[in-house]
Amino acid sequence: GPSPASESYLRQDKLMDIIKKTGAQAVHPGYGFLSEQAPFAEALAAQGVEFIGPPASAIAEMGSKSASKRIMIDAGVSCIPGYHGDNQDEAYLKEQADQVGYPIIIKAVSGGGGKGMRM
């Protein structure tokens, strides 16, 4: 396809068509983009094609920083303290920041590359 990713290798419909036409039994999604798309892994599974990577459920969980942090903490992995709850009330968040200590970093639950982090 053309150079823009959205018109070439991110076109899941075209990829699924090629997979069917070639009889591919497995797909390695590369790094980034499709490797982070649980729906792509699910679509492959629905067609009986092996996704070379983590299961769709893990992709979805790791796509949420809050969920992935909870999974790591539950597994006993040492993590930097912070607030990861749903309550986004400003006064409550201030209380949480006071407990964690300053300086703090505010980061979006999803999104990439640290572009949304604020001190």
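The structure is a predicted model; local features require pLDDT of at least 70, side-chain atom pairs count only at pLDDT 80 or more, and totals for chains, interfaces and linings use all residues. Residues are numbered from 1 along each chain as its sequence is written, and side-chain values use heavy atoms, with hydrogens and water left out.

The protein contains five helices and two strands. Helices (H or I, at least four residues) and strands (E, at least two) are DSSP runs numbered from the N terminus. Along the sequence, the order is α-β-α-β-α-α-α. The protein has 119 residues, of which 18% are buried. Buried means under 20% relative accessible area, exposed means over 50%, and partly exposed lies in between (1.4 Å probe, protein chains only). The accessible surface is about 8500 Å². Carbon and sulfur atoms hold 56% of that surface. Areas come from the Shrake-Rupley method with a 1.4 Å probe; for residues, only the protein chains shown count as cover. Among contacts with a separation of 6 or more, 34% link residues 24 or more positions apart. A contact means heavy atoms within 4.5 Å.

The largest nonpolar core has twelve residues: M16, I19, V27, L34, A38, F40, A41, L44, V49, F51, A56 and I59. Such a core is a set of buried Ala, Val, Leu, Ile, Met, Phe, Trp, Tyr and Cys residues joined through side-chain atoms within 4.5 Å. Two or more of its residues come from each of α1 (12-22), α2 and α3 (56-62). Helix α2 gives the most, with four residues.

V27 belongs to strand β1. V27 counts as buried because its relative accessible area is 14%. Beyond neighbours within four places in sequence, V27 contacts I19, F40, L44, V49, E50, F51 and I52. V27 and F51 are 24 residues apart along the chain, yet their C-alpha atoms are separated by 5.3 Å.

I59 touches S35, E36, Q37, A38, A41, F51 and P54, not counting residues up to four places away in sequence. S35 itself lies in the loop between β1 (26-27) and α2 (38-46). The relative accessibility of S35 is 18%, so this residue counts as buried. With residues up to four places away in sequence left out, S35 touches P29, G30, F51 and I59.

In α4, S66, A67, S68 and K69 are buried. The buried residues of α4 pack against α3. Just after α4, G76 takes a positive phi of about 85°. A cis peptide bond joins Y102 and P103, with omega about 0°. P103 lies in the segment after α5.

The largest pocket has a volume of about 940 Å³. Its lining has 28 residues, and those closest to the pocket centre are Y83, H84, I105, I106 and K107. The elements that give two or more residues to the lining are α4 (65-74) and α5 (90-100). The lining divides into 15 nonpolar, eight polar and five charged residues. Ala, Val, Leu, Ile, Met, Phe, Trp, Tyr, Cys and Pro count as nonpolar; Asp, Glu, Lys and Arg count as charged; the others, Gly among them, count as polar. On a 1 Å grid over the protein atoms alone, a pocket is an open set of points where a 1.4 Å probe fits, with protein on both sides within 12 Å along at least five of seven lines; lining residues have an atom within 4 Å of a point. Grid points are joined across faces, edges and corners, and the volume is the space filled by probe spheres set on the points.
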